[in-house]
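How do the helices of this chain pack against one another, and where do its aromatic rings gather?

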Amino acid sequence: WTIYLPSPLGPFVALLLWGLVQSIAWTDQTGARASLSLDVEATRMAVLWLTLLLLAFVVAGSIFASRERLQLLTAFAVGFGLLLSLFALLQQATWNGKFYWLRTVNTHLITMPFGPFVHHGHYAGYLELLLPLPVALLVLHRVGLEKKLLYGFAAAMMGLSIVVSLARGGMRCIL
């Protein structure tokens with residue numbers, strides 16, 4: 001297994017090193033703690049998170065370096081978005097006041113759930129991340145009629161479910 005280092009890794013590592021430099025604390029002659037950072041513990045926590053994100057970035061870049069794996073990820077994301085939108089539309093059409101038709105929802109505290117999300121705006125935001133994939137595959141890929149129909153259907157169902165969720169920001173973003 002080869003480790004692939006993506007090209008945008010340089011600025012990311014530079015930011016990580018700058019955070020490490022800022023997280024160094026020392027005591028001066030008066031015994032007071034000094035550092036380049038105003039909040040050393042928060043800087044150290046940010047460096048930890050950046051390190052974990054860097055590792056995730058390298059692992060993802062190595063796993064999805066080949067065209068076949070990237071196409072598999074794209075196909076999974078389109079299929080997942082289609083199934084999620086169909087589930088959300090089914091749940092909306094058969095709404096009985098219970099989350100997943102099992103758990104009662106106190107609508108005084110939250111809005112009506114949509115799909116697996118408790119808030120319809122979160123659902124719309126998540127699906128807006130997946131919606132450009134079938135649209136791009138439909139427009140940019142040279143595929144047969146069957147796949148074009150599948151990508152068009154997936155994009156239409158995702159867009160429709162965002163509109164049915166009644167998330168104003170979601171509707172604004174897909175227009």
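What follows moves from helix packing to aromatic rings and then to individual positions. The model is a predicted one.

Two packed helices are described by the angle between their axes and the distance between the axes. Helix H3, residues 67–93, packs with helix H6, residues 145–164, at an angle of about 40°, and their axes are 9 Å apart. Angles under 35 degrees count as roughly parallel and 65 to 115 as roughly perpendicular, so H3 is oblique to H6. The crossing of these two helices, H3 and H6, is left-handed. On the H3 side the contact is made by Val78, Gly81, Leu82, Ser85, Leu86, Leu89 and Gln92. They meet Leu150, Tyr151, Phe153, Ala154, Met157, Met158, Leu160, Ser161 and Val164 in H6. Sorted by class, the residues of this contact of H3 with H6 are 12 nonpolar and 4 polar, with no charged residue.

H3 also packs with helix H4, residues 120–130. Here the angle is about 150° and the axes of H3 and H4 are 10 Å apart. Angles over 145 degrees count as roughly antiparallel, and H3 and H4 are therefore roughly antiparallel to each other. The H3–H4 crossing is left-handed. H3 contributes Ala77, Phe80, Gly81, Leu84, Ser85 and Ala88, which meet Tyr123, Tyr126, Leu127 and Leu130 in H4. The contact of H3 with H4 divides into 8 nonpolar and 2 polar residues, and no charged ones.

H5 passes H6 in a left-handed crossing. From H5, the residues Pro134, Val135, Leu137 and Leu138 meet Lys148, Tyr151, Gly152, Ala154, Ala155 and Met158 in H6. By class, the contact of H5 with H6 has 8 nonpolar residues, 1 polar and 1 charged.

The aromatic rings come next. With ring centres required to lie within 6.5 Å, the count comes to 9 aromatic pairs. One of them is formed by phenylalanine 99 and tyrosine 100, with 4.6 Å from centre to centre and 55° between the planes. Planes under 30 degrees apart count as stacked and those over 60 as edge-to-face, so this pair of phenylalanine 99 and tyrosine 100 is tilted. Which of the two residues is buried and which is partly exposed? Phenylalanine 99 is buried, at 16% relative accessibility, whereas tyrosine 100 is partly exposed, at 35% relative accessible area. Elsewhere, Phe76, Phe80, Phe114, Phe117, Tyr123 and Tyr126 form one aromatic cluster.

Glutamine 91 is found in helix H3 and is buried, at 2% relative accessibility. Residues up to four places away in sequence aside, glutamine 91 touches Lys98, Phe99, Tyr100, Trp101, Phe114 and Gly115. Tryptophan 101 has a phi near 65°, a positive value in a residue other than glycine. With a relative accessible area of 30%, tryptophan 101 is partly exposed.

Leucine 166 likewise is not a glycine and has a positive phi, of about 65°. Leucine 166 sits in the loop between H6 and helix H7 (168–174) and counts as exposed, at 60% relative accessibility.

Leucine 73 lies in helix H3 and is partly exposed, with a relative accessible area of 35%. Leucine 73 and tyrosine 151 are 78 residues apart in sequence, and their C-alpha atoms are 15 Å apart in space. Isoleucine 63 lies in helix H2, residues 40–63, and counts as partly exposed at 31% relative accessibility. Neighbours within four places in sequence aside, isoleucine 63 is in contact with Trp1 and Arg69. From isoleucine 63 to serine 165, 102 residues apart along the chain, the C-alpha separation is 34 Å.

How values were computed:
Residues are numbered from 1 along each chain as its sequence is written. This is a predicted model: local features need pLDDT of at least 70, side-chain atom pairs count only at pLDDT 80 or more; totals for chains, interfaces and linings use all residues. Side-chain values use heavy atoms; hydrogens and water are left out. Rings of Phe, Tyr and Trp (its six-membered ring) pair if their centres lie within 6.5 Å; planes under 30 degrees apart count as stacked, over 60 as edge-to-face and the rest as tilted. Buried means under 20% relative accessible area, exposed over 50%, partly exposed in between (1.4 Å probe, protein chains only). Axes are lines fitted to C-alpha atoms, for helices over the stretch in contact, and angles run from 0 to 180 degrees between N-to-C directions. Helices (H or I, at least four residues) and strands (E, at least two) are DSSP runs, numbered from the N terminus. A crossing is left-handed if the near helix is turned anticlockwise from the far one by less than a right angle, and right-handed if clockwise. Contact means heavy atoms within 4.5 Å. Ala, Val, Leu, Ile, Met, Phe, Trp, Tyr, Cys and Pro count as nonpolar, Asp, Glu, Lys and Arg as charged, and the others, Gly among them, as polar.
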